[in-house]
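Thanks for making time this morning. I would like to walk you through one model, going from one element to the next, and I will give the cut-offs as the terms come up.

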Amino acid sequence: MKRIVTALVHNRSGVLNRVTGLFTKRQFNIESISVGYTEVEGISRMTFVVNVEDDRKIEQLMKQLHKQIDVLKVTDITDQGVVARELALIKVLSTGQTRSEINGIVEPFRASIIDVARDSVTVQVTGETSKIEAIIDLLRPYGIKEIARTGITAFARGNGKPVTELKQYSIVN
(Lines give C-alpha, C1' and ligand atoms only; values in the text may rest on other atoms or scores of the structure.)
Protein backbone atom coordinates (compact mmCIF):
# COMPACT_ATOMS: atom_id res chain seq x y z
CA MET A 1 0.00 0.00 0.00
CA LYS A 2 1.18 3.51 -0.80
CA ARG A 3 1.94 5.81 2.12
CA ILE A 4 2.75 9.53 2.17
CA VAL A 5 5.34 10.39 4.81
CA THR A 6 6.59 13.89 5.57
CA ALA A 7 9.71 14.74 7.53
CA LEU A 8 10.88 18.10 8.82
CA VAL A 9 14.67 18.15 8.80
CA HIS A 10 17.59 20.48 9.32
CA ASN A 11 18.68 21.88 5.98
CA ARG A 12 22.26 20.63 6.12
CA SER A 13 24.64 18.89 3.78
CA GLY A 14 24.21 15.11 3.75
CA VAL A 15 20.78 14.93 5.42
CA LEU A 16 18.98 13.84 2.24
CA ASN A 17 21.64 11.18 1.63
CA ARG A 18 21.36 9.79 5.17
CA VAL A 19 17.56 9.71 5.10
CA THR A 20 17.32 8.05 1.69
CA GLY A 21 20.10 5.65 2.71
CA LEU A 22 17.90 4.54 5.59
CA PHE A 23 15.15 3.67 3.09
CA THR A 24 17.63 1.68 1.02
CA LYS A 25 19.02 -0.25 4.01
CA ARG A 26 15.49 -1.21 5.05
CA GLN A 27 14.60 -2.12 1.42
CA PHE A 28 11.84 0.49 1.03
CA ASN A 29 11.31 1.73 -2.50
CA ILE A 30 10.78 5.50 -2.69
CA GLU A 31 8.22 6.08 -5.45
CA SER A 32 8.63 9.84 -5.25
CA ILE A 33 10.45 12.36 -3.12
CA SER A 34 10.26 16.12 -2.98
CA VAL A 35 12.28 18.40 -0.73
CA GLY A 36 12.03 22.13 -0.20
CA TYR A 37 12.45 24.98 2.27
CA THR A 38 9.77 25.66 4.87
CA GLU A 39 8.68 28.95 6.40
CA VAL A 40 11.43 28.54 9.03
CA GLU A 41 15.01 29.29 8.00
CA GLY A 42 17.23 26.21 8.13
CA ILE A 43 14.34 23.71 8.07
CA SER A 44 13.24 21.70 5.03
CA ARG A 45 10.23 19.47 4.42
CA MET A 46 10.74 16.09 2.74
CA THR A 47 7.72 14.36 1.26
CA PHE A 48 8.08 10.67 0.44
CA VAL A 49 5.67 8.33 -1.28
CA VAL A 50 6.61 4.77 -0.36
CA ASN A 51 5.04 1.41 -1.05
CA VAL A 52 4.91 -0.76 2.08
CA GLU A 53 3.58 -4.25 2.68
CA ASP A 54 1.78 -3.61 5.98
CA ASP A 55 1.31 -1.23 8.91
CA ARG A 56 4.16 -2.84 10.83
CA LYS A 57 6.62 -1.85 8.10
CA ILE A 58 5.50 1.79 8.08
CA GLU A 59 5.82 1.90 11.89
CA GLN A 60 9.36 0.53 11.58
CA LEU A 61 10.21 3.18 8.99
CA MET A 62 8.78 5.97 11.15
CA LYS A 63 10.80 4.83 14.19
CA GLN A 64 14.00 4.63 12.14
CA LEU A 65 13.45 8.12 10.71
CA HIS A 66 12.86 9.52 14.22
CA LYS A 67 16.28 8.19 15.27
CA GLN A 68 18.07 10.32 12.67
CA ILE A 69 19.81 13.31 14.30
CA ASP A 70 18.75 15.93 11.75
CA VAL A 71 15.12 14.74 11.59
CA LEU A 72 12.88 16.95 13.72
CA LYS A 73 9.44 15.50 13.02
CA VAL A 74 8.06 12.59 10.98
CA THR A 75 4.40 12.16 10.08
CA ASP A 76 2.49 9.57 8.06
CA ILE A 77 -0.21 11.77 6.53
CA THR A 78 -1.79 9.12 4.33
CA ASP A 79 -4.95 8.72 6.39
CA GLN A 80 -5.35 12.43 7.18
CA GLY A 81 -6.98 15.12 5.11
CA VAL A 82 -4.11 16.33 2.94
CA VAL A 83 -3.32 18.94 0.36
CA ALA A 84 -1.18 17.15 -2.24
CA ARG A 85 0.04 18.28 -5.64
CA GLU A 86 2.46 17.22 -8.32
CA LEU A 87 4.00 19.18 -11.18
CA ALA A 88 4.74 17.72 -14.62
CA LEU A 89 6.42 19.18 -17.67
CA ILE A 90 5.49 17.32 -20.85
CA LYS A 91 7.21 17.95 -24.19
CA VAL A 92 4.85 16.91 -26.97
CA LEU A 93 5.57 16.62 -30.69
CA SER A 94 3.52 19.16 -32.62
CA THR A 95 3.04 20.76 -36.00
CA GLY A 96 1.15 23.88 -36.95
CA GLN A 97 -1.97 21.76 -37.46
CA THR A 98 -1.81 19.87 -34.14
CA ARG A 99 -1.01 22.83 -31.86
CA SER A 100 -4.63 23.95 -31.63
CA GLU A 101 -5.73 20.36 -30.91
CA ILE A 102 -3.13 20.07 -28.13
CA ASN A 103 -4.24 23.43 -26.74
CA GLY A 104 -7.81 22.09 -26.70
CA ILE A 105 -6.65 19.17 -24.56
CA VAL A 106 -4.59 21.37 -22.24
CA GLU A 107 -7.28 23.97 -21.40
CA PRO A 108 -9.78 21.77 -19.49
CA PHE A 109 -6.92 20.57 -17.26
CA ARG A 110 -6.02 24.17 -16.40
CA ALA A 111 -2.58 23.36 -17.70
CA SER A 112 -0.56 25.75 -19.82
CA ILE A 113 1.78 25.67 -22.77
CA ILE A 114 4.99 27.24 -21.50
CA ASP A 115 7.25 26.75 -24.52
CA VAL A 116 6.71 26.46 -28.25
CA ALA A 117 9.35 25.17 -30.64
CA ARG A 118 9.15 24.41 -34.34
CA ASP A 119 8.43 20.71 -33.74
CA SER A 120 7.13 20.59 -30.15
CA VAL A 121 5.28 22.31 -27.31
CA THR A 122 5.97 22.00 -23.60
CA VAL A 123 2.96 21.66 -21.32
CA GLN A 124 3.01 22.45 -17.60
CA VAL A 125 0.35 20.81 -15.43
CA THR A 126 -0.13 20.69 -11.66
CA GLY A 127 -2.57 18.67 -9.63
CA GLU A 128 -3.22 15.25 -8.22
CA THR A 129 -1.42 12.28 -9.72
CA SER A 130 -4.60 11.07 -11.45
CA LYS A 131 -4.90 14.41 -13.26
CA ILE A 132 -1.27 14.21 -14.42
CA GLU A 133 -1.79 10.64 -15.66
CA ALA A 134 -4.99 11.62 -17.50
CA ILE A 135 -3.39 14.47 -19.47
CA ILE A 136 -0.37 12.30 -20.32
CA ASP A 137 -2.71 9.61 -21.68
CA LEU A 138 -4.50 12.19 -23.85
CA LEU A 139 -1.25 13.69 -25.16
CA ARG A 140 0.45 10.34 -25.83
CA PRO A 141 -1.08 9.89 -29.34
CA TYR A 142 0.67 13.11 -30.47
CA GLY A 143 4.05 11.72 -29.42
CA ILE A 144 5.69 12.55 -26.12
CA LYS A 145 9.34 13.50 -26.42
CA GLU A 146 10.05 14.03 -22.73
CA ILE A 147 8.39 14.07 -19.32
CA ALA A 148 9.72 15.53 -16.05
CA ARG A 149 7.66 15.05 -12.87
CA THR A 150 8.30 16.40 -9.39
CA GLY A 151 6.55 13.70 -7.42
CA ILE A 152 3.97 14.51 -4.78
CA THR A 153 4.47 17.29 -2.29
CA ALA A 154 1.91 17.38 0.51
CA PHE A 155 0.97 18.39 4.01
CA ALA A 156 -1.99 17.86 6.32
CA ARG A 157 -4.97 20.19 6.10
CA GLY A 158 -6.08 22.35 8.97
CA ASN A 159 -4.42 23.66 12.07
CA GLY A 160 -1.33 21.56 12.50
CA LYS A 161 1.38 22.65 14.90
CA PRO A 162 3.51 25.34 13.24
CA VAL A 163 7.13 24.47 12.52
CA THR A 164 8.19 27.51 14.56
CA GLU A 165 7.02 25.71 17.73
CA LEU A 166 9.40 22.76 17.24
CA LYS A 167 12.42 22.58 19.51
CA GLN A 168 15.73 22.91 17.73
CA TYR A 169 18.32 20.27 18.62
CA SER A 170 21.88 20.22 17.49
CA ILE A 171 24.99 18.26 18.42
CA VAL A 172 27.12 21.00 16.90
CA ASN A 173 27.03 24.54 18.32
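The buried residues of helix H4 pack against strand E5, helix H3, strand E7 (120-127) and strand E8 (144-149), where contact means heavy atoms within 4.5 Å. Those buried residues of H4, which runs over residues 129-139, are Ile132, Ile135, Ile136 and Leu139. Seen down the axis of H4, they fall within an arc of 105°, so they line one face of the helix; the arc is that of the directions from the helix axis to the C-beta atoms. An α-helix has 3.6 residues a turn, so residues three or four places apart point the same way. By buried I mean under 20% relative accessible area, by exposed over 50%, and by partly exposed anything in between, with a 1.4 Å probe and protein chains only. Helices (H or I, at least four residues) and strands (E, at least two) are DSSP runs, numbered from the N terminus.

Before going further, a word on the source: this is a predicted model, in which local features need pLDDT of at least 70 and side-chain atom pairs count only at pLDDT 80 or more, while totals for chains, interfaces and linings use all residues. Residues are numbered from 1 along each chain as its sequence is written, and side-chain values use heavy atoms, with hydrogens and water left out.

Ala111 sits in the loop between helix H3 (96-106) and strand E6 (112-116). Is Ala111 buried or exposed? With a relative accessible area of 14%, Ala111 is buried. Glu128 is 17 residues from Ala111 in sequence, and the two are 12 Å apart in space, C-alpha to C-alpha. In this loop between H3 and E6 we also find Arg110, which has a positive phi of about 55° although it is not a glycine. Arg110 counts as exposed, at 77% relative accessibility.

Let me turn to helix H1, residues 15-25, whose buried residues are Val15, Val19, Leu22 and Phe23. These cover an arc of only 100° around the axis, which puts them on the same side of H1. What covers them includes strand E1 (2-10), strand E2 (29-37), strand E3 (43-51), helix H2 (55-67) and strand E4 (71-76). The face of H1 turned away from that buried side carries the exposed residues Asn17, Thr24 and Lys25.

Arg18, also found in H1, is partly exposed, with a relative accessible area of 40%. Leaving aside neighbours within four places in sequence, Arg18 is in contact with Ser13, Gln68 and Asp70. Arg18 and Arg3 are 15 residues apart in sequence and 20 Å apart in space, C-alpha to C-alpha.

Just after H1 comes Gln27, in the loop between H1 and E2, and Gln27 has a positive phi of about 60° although it is not a glycine. Gln27 is exposed, with a relative accessible area of 74%.

In strand E1 we find Thr6, which counts as buried at 6% relative accessibility. Again without residues up to four places away in sequence, Thr6 touches Met46, Thr47, Lys73, Val74, Thr75, Ile77 and Ala154.

Now for the domains. The chain is divided into domain 1 (2-79) and domain 2 (84-155), with bounds that come from an automatic or database domain assignment. Their centres, taken over C-alpha atoms, are separated by 29 Å, and 9 residues of domain 1 are in contact with 6 residues of domain 2.

Where does the second largest pocket lie? Both domains give residues to its lining, so the pocket lies between them. Its volume is about 200 Å³, and its lining residues include Lys2, Glu31, Val49, Thr78, Glu86, Thr129 and Arg149. A pocket here, on a 1 Å grid over the protein atoms alone, is an open set of points where a 1.4 Å probe fits, with protein on both sides within 12 Å along at least five of seven lines, and lining residues have an atom within 4 Å of a point. Grid points are joined across faces, edges and corners, and the volume is the space filled by probe spheres set on the points.
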